[in-house]
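I opened my notebook to look up a few things in one structure. Here is what I wanted to check, with my entries below.

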Amino acid sequence: MAGVQTAVQLREQGWTGPVTLIGAEPHQPYDRPPLSKAVLLGKAEGSAFDIDFDALGVELALGRSVTGLRPEAHELDTDDGPVPYDRLILATGAEPLALPGSEGVPGVHLLRTLDDAERLRTVLDERRTVVVVGAGWIGAEFATAARDVGCDVTVVEAADRPLPGALPAEVTEPMRAWYEECGARLRTGVAVAAVEPGAVVLADGERLPADAVVVGIGARPATGWLAGSGVELCPDGSVRADETLRTTAPDVYAVGDCASFPSARYGRRLLVHHWDNAMQGPRVVAANVLADARTGGEARGEGAAEGAAYDPVPYFWSEQFGRFVQYIGQHSDGDELVRRGDPHSAAWSVCWLRDGALTALLTVGRPRDLAQARKLMGQDARVDPELLADPEVPLKNTVR
């Protein structure tokens with residue numbers, strides 16, 4: 001998404017020079033969210049973008065892996081030889097984490113690419129017994145799809161609750177019941193000790209039969225190939241982009257899941273692994289590529305334009321267990337938590353406040369709350385916590 005949208009934005013904003021989009025996969029560029037939904041369930045054969053790259057004047061170099069970067073020569077190294085560039089945008093995304101000890105074990109799957117989804121579609125078609133490792137967003141979405149077609153599903157999470165890295169326990173605890181309602185078994189607070197052909201062995205000794213094992217324990221920026229290139233990486237592996245999405249190397253920019261950026265809005269560096277970030281960032285990175293080209297200066301050198309800053313309100317969504325879950329903003333420890341509605345009901349929200357201002361909102365089945373929260377965050381409005389706690393009061397009417 002980030003690479004494709006950057007190419008589109010470069011053309012829409014006036015870039016007239018050549019644009020080449022390089023990707024390791026042989027498929028036409030495609031959207032990822034349908035992979036855990038329509039594509040996985042066989043309701044769609046693919047999710048290729050409806051974009052005429054020839055008409056845009058964008059060259060696709062597919063099935064081509066990039067192995068290194070030499071900024072001083074303005075060249076990429078690929079498995080098909082070097083590629084020169086004037087401006088380079090890194091949009092390599094993220095790669096899923098493998099479960100230690102599972103490498104090479106038959107029947108172990110990740111879900112990130114179109115090929116992954118095609119392999120897992122066979123698992124669902126055959127109604128196999130599945131163990132999902134990780135009760136995060138991907139784990140929940142896959143468990144939903146697997147139960148929809150009648151697979152026997154057990155989800156194993158080493159933490160004591162679902163979504164442990166994303167939300168606090170008091171918010172996610174009611175979600176535990178979602179698994180039971182759909183007929184999936186959820187085991188929390190226990191790690192995987194070993195994966196064997198046909199089984200997953202837990203640290204407490206339980207042995208779970210598994211025709212297939214789906215690993216969803218997180219992802220990391222796909223940036224290992226940048227080692228020694230001069231492009232600075234953060235401890236989490238992300239490209240250290242500045243507020244304009246420029247990197248530490250001249251004429252090199254970064255956008256999407258592979259890049260972190262400083263947020264003045266939230267007072268810290270953000271690494272956002274979500275679709276909306278890959279949609280929004282390209283507008284800014286394309287604008288700054290054009291600005292630097294107009295000045296004739298390097299993107300980190302003398303004469304570089306100041307450029308537009310990227311400081312979005314993060315947003316993501318997930319469809320799981322018959323529910324539409326949305327989150328906007330960025331909460332922090334110490335923020336005041338205010339509930340809107342009963343978390344055991346079909347529709348409810350949770351708000352986070354800091355100094356009376358809304359910093360984040362999670363909503364289940366209340367899309368109007370999400371739309372109004374987005375406007376309030378953009379206005380930096382102060383709200384009344386008592387009014388906020390009443391789900392009958394529209395969010396827009398809680399402003400002090």
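**Cavities**

I searched the whole structure of this predicted model and found 2 cavities of 30 Å³ or more. On a 1 Å grid over the protein atoms alone, a cavity is a set of points where a 1.4 Å probe fits but cannot get out, and a residue lines it if it has an atom within 4 Å of a point. For volumes, grid points are joined across faces, edges and corners, and I count the space filled by probe spheres set on the points.

The largest cavity comes out at about 40 Å³. Its lining is Phe 261, Val 272, Asp 276, Asn 277, Tyr 310, Pro 312, Val 313, Pro 314 and Tyr 315. I sorted these by class and got 7 nonpolar, 1 polar and 1 charged. (Ala, Val, Leu, Ile, Met, Phe, Trp, Tyr, Cys and Pro count as nonpolar, Asp, Glu, Lys and Arg as charged, and the others, Gly among them, as polar.)

The second largest cavity holds about 40 Å³ of space. I noted Leu 245, Val 255, Gly 256, Ala 259, Phe 261, Asn 277, Gly 281 and Tyr 310 around it. Strand 19 (259-263) and helix 7 (275-295) are the elements that give two or more residues to this lining. Helices (H or I, at least four residues) and strands (E, at least two) are DSSP runs, numbered from the N terminus.

**A pocket**

Next I looked at the second largest pocket, with about 190 Å³ of space. A pocket is an open set of points with protein on both sides within 12 Å along at least five of seven lines. Arg 265, Tyr 266, Val 313, Arg 354, Ala 357, Leu 358, Thr 359, Met 377 and Asp 380 line this one. Which strand gives the largest share of the lining? I found strand 25 (residues 357-364), with 3 residues. The classes here are 5 nonpolar, 1 polar and 3 charged.

**Strands**

Back to strand 19: 4 bridges join it to strand 20 (residues 268-271), and the two run antiparallel. Two strands pair if DSSP finds at least two bridges between them. Ser 263 stands opposite Arg 268 in strand 20. The two strands form a hairpin with 4 residues between them, and Gly 267 in the turn has a positive phi of about 70°.

I also looked up an open sheet of 3 strands, in the order 3-4-5 with antiparallel pairing. Strand 3 (66-70) and strand 5 (81-84) are its edge strands, each pairing on one side only. The twist averages 25° from one strand to the next, where axes are lines fitted to C-alpha atoms and angles run from 0 to 180 degrees between N-to-C directions. Strand 3 is joined to strand 4 (residues 75-78) by 4 bridges, and Val 66 has Thr 78 as its bridge partner there.

**Confidence and ground rules**

The mean pLDDT of the chain is 94, and 98% of its residues reach 70 or more. pLDDT is the predictor's confidence in each residue, from 0 to 100. Over residues 301-305 it is below 50, though the stretch has 12 contacts (heavy atoms within 4.5 Å) beyond near neighbours in sequence in the model.

Residues are numbered from 1 along each chain as its sequence is written, and side-chain values use heavy atoms, leaving out hydrogens and water. In this predicted model local features need pLDDT of at least 70 and side-chain atom pairs count only at pLDDT 80 or more, while totals for chains, interfaces and linings use all residues.
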